[in-house]
Amino acid sequence: MKRALESLNLNIVEMVDENATLDGGDVLFTGREFFVGLSRRTNQRGAEILADTFKDYAVSTVPVHDSLHLKSFCSMAGPNLIAIGSSEAAQKALKTMQQMSDHRYDKLTVPDDAAANCIYLNIPSKGHVLLHRAPEEYPESAKVFEKLKDHMLIPIAATELAKVDGSLTCCSVLINKASE
């Protein structure tokens, strides 16, 4: 991964503190700020290093209980739009994020926590694109996504990936860089 990012001439920051842990599944960037889930895979020191690296953005920590990661039950579903699961743990985390932020985000609540893990893309030729879990996996959550009339919706089946604690955002690295 490091070589691939270097080939794109991106600035790479390595965490050298052996006590710091920071898993991508615990990092939610809204475009305005970062929310970092404190979980089994991410600790306070990892969040501090992220804050030191991205000084222009607020970084707030969110305790994660009963889930692997923060993005196990939430992600960005559009500009200013947080997709959030319906579980008590997900709703508690959302409340914490709302209290920590100066900004008010819209929310899209889906019945299934795992379905809240989606990938939003703003593609110039396509507009708002949202990759989300397939209706055959989470039919009630898919109905909620279908209400997003201004999004191109692309359902993705990820049942096999979920068997190893994977989700849609685990399989993606989004890079906002103009092609040369």
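Modeller: Buried means under 20% relative accessible area, exposed over 50% and partly exposed in between (1.4 Å probe, protein chains only). This is a predicted model, where local features need pLDDT of at least 70 and side-chain atom pairs count only at pLDDT 80 or more, while totals for chains, interfaces and linings use all residues. Residues are numbered from 1 along each chain as its sequence is written, and side-chain values use heavy atoms, without hydrogens and water.

Colleague: Is Phe-34 buried or exposed?

Modeller: Its relative accessibility is 7%. The cut-off for burial is under 20%. Phe-34 therefore counts as buried.

Colleague: How is the ring pair of Phe-34 and Phe-54 classed?

Modeller: Rings of Phe, Tyr and Trp (its six-membered ring) pair with centres within 6.5 Å; planes under 30 degrees apart are stacked, over 60 edge-to-face, the rest tilted. The count comes to 5 aromatic pairs. For Phe-34 and Phe-54, the centres are 5.0 Å apart and the planes make 40°, so the pair is tilted.

Colleague: How many residues apart in sequence are the parts that this pair ties together?

Modeller: Helices (H or I, at least four residues) and strands (E, at least two) are DSSP runs, numbered from the N terminus. Phe-34 lies in strand E2, and Phe-54 in the loop between helix H2 (44-53) and E3. The pair therefore ties together parts separated in sequence by 20 residues.

Colleague: And how is the pair of Phe-34 and Tyr-57 classed?

Modeller: The centres are 5.9 Å apart. The planes make 85°. That pair is edge-to-face.

Colleague: Which residues does Met-97 touch, leaving aside neighbours within four places in sequence?

Modeller: Contact means heavy atoms within 4.5 Å. Met-97 has some of the most contacts inside the core. Its partners are Leu-28, Phe-35, Val-62 and Cys-74.

Colleague: Within what arc do the buried residues of H3 fall?

Modeller: Ala-90, Ala-93, Leu-94 and Met-97 are buried. Seen down the axis, they line one face of H3, because the directions from the axis to their C-beta atoms fall within an arc of 105°.

Colleague: Which residues are exposed on the other side of H3?

Modeller: The buried residues of H3 pack against strands including E1 (27-29) and E6 (106-110). Exposed on the other side are Glu-88, Lys-92, Lys-95 and Gln-99.

Note on methods:
Core = buried A, V, L, I, M, F, W, Y, C linked by side-chain atoms within 4.5 Å.
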